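Hi everyone, thanks for making time.

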Amino acid sequence: MSLTIFLGVMLGLIMLGMPIAFSLLLSAVALMFQLDFFDSQIIGQNMLSGANSFALMAVPLFMLAGEVMNAGGLSRRIVNLAATFVGHVRGGLGYVAICASVMLAALSGSAVADAAALGSLLIPMLRDKGYDAGQASGLIAAGGIIAPIIPPSISFIIFGVATNVSITKLFFAGIAPGLMMALTLVAVWTWVARRHGPVTPSPRQPWSVRLRALREAGWALMLPVIIIGGLRGGIFTPTEAAVVAAVYAIFVSVCIYRELKVRDLGRLMVSAARTTAVVMFLVAAAMVSSYMITLADLPADLVGLLEPVMDQPRLLMLALLVILTLVGTVMDLTPTILILAPVLMPVVVKAGIDPIYFGVMFVMTGCVGLLTPPVGTVLNVVCGVARISFESVCRGAWRYVVAYTVLLALLVIFPGLITVPASWMH
């Protein structure tokens, strides 16, 4: 009964158009009345404790780092570096987009930021080369969702806070599947470029140009090395890594590349703060729901529903991913994590599934949801950047959604593809 009330109130309010944070709060209040112990202090205390987290301090800092990198020329130099090395092959600009997606993912950790940055730079170039706007936009959108998987990942930070799982281990576990996503894009784009792309490639760049591009992008490329190296060596935590990323990005943009003025930092900080405020309010509201979910023992109800497959971890994972896929079509990644991760984690642990493996699969499935209508956050961002219809972007992205779904199925069948590389790296 409690599970029905919680889901009914929350989904009903979302369908009526209420913001998700307020829907979470009111669904928690509904549970309080159902359990007959409404207390406004519980709401205030849990909202405060939810936002008062050292790990969550990394969110505004990584947001700021992403804003600075886009405004300070780091993103553009990454794209230029990829273009000089692979731009000459058939479909070369598509491979440039994929390479740049991976490199930018190691800098920002935000799918929306990466898709916007890559879209503004590469979609006009792809159009000029003769590619259909929908094909170009679909590739950029599919590349953008690699960002929440390869560290540093804001989504992994939120998942770790919501489920009390090691964020550092999630970071390392995300490297291998992030690279697999990139290889999946390469395979699909190779087929698209041969079937639907122009024949004439760009001219091959001489090594002098390539080395100059590498030298110019060297400062940007050092950031992921510093972050991963610092985490691997135990020099700093993920939150401290966010501080390093923000300070380093500001230093390089202002002092090395000199494309960013000190007076511009205020505007970028305000932009990062606005995005952070939305995330933090969601987290605070989700902590109230999490408290009530635990008090009402909703995970036990869910375990009862999934009891027939509890002794078959792969089948259970498949069932959970189907649920997450359906939710991802109508909900953004962050609220999906905050709502479902605390509920599903006890089920996963009881079934003997590695929580780190589950966390990576959870976020990957949610990322695919960013490419699926009707919500499709990344699709909407790319649609705005490219100035084309939502339907055109969907037509360009469907191949990548299918390919990512096949990859997720393989990772369900062979979980060692995630767990083994993660054990090597950590």
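Predicted model: local features only at pLDDT ≥ 70, side-chain atom pairs only at ≥ 80, totals over all residues.

**A quick tour, from the whole protein to one residue**

What's it built from? We have 20 helices and zero strands here. The radius of gyration is 22 Å, close to the 22 Å that the globule rule gives for 426 residues, so the protein is as compact as a globular protein of that length. If you'd like dimensions, the C-alpha trace spans about 70 × 45 × 45 Å along its principal axes.

Now the inside. Of the 426 residues, 57% are buried. And if you take the contacts with a separation of 6 or more, 78% of them are between residues 24 or more positions apart.

How about charge? I've got 23 positive and 17 negative side chains, and the centres of those two sets lie 20 Å apart.

Let's zoom in on one residue, V29. You'll find V29 in helix α2, which covers residues 20-35. Is V29 buried or exposed? Its relative accessible area is 15%, and the cut-off for buried is under 20%, so V29 counts as buried.

And which residues does V29 touch? Leaving out anything up to four places away in sequence, V29 touches F38 and I43. Then there's I42: from V29 to I42 is 13 residues in sequence, and 9.9 Å in space, C-alpha to C-alpha.

Key. Residues numbered from 1 in each chain as written. Heavy atoms only, no water. Helix = DSSP H or I, 4+ residues; strand = E, 2+ residues; numbered from the N terminus. Rg over C-alpha atoms; globule rule 2.2 N^0.38 Å. Buried < 20%, exposed > 50% of the residue type's maximum accessible area, 1.4 Å probe, protein only. Contact = heavy atoms within 4.5 Å. Lys, Arg positive; Asp, Glu negative; His and termini not counted. Charge placed at Lys NZ, Arg CZ, Asp CG, Glu CD.
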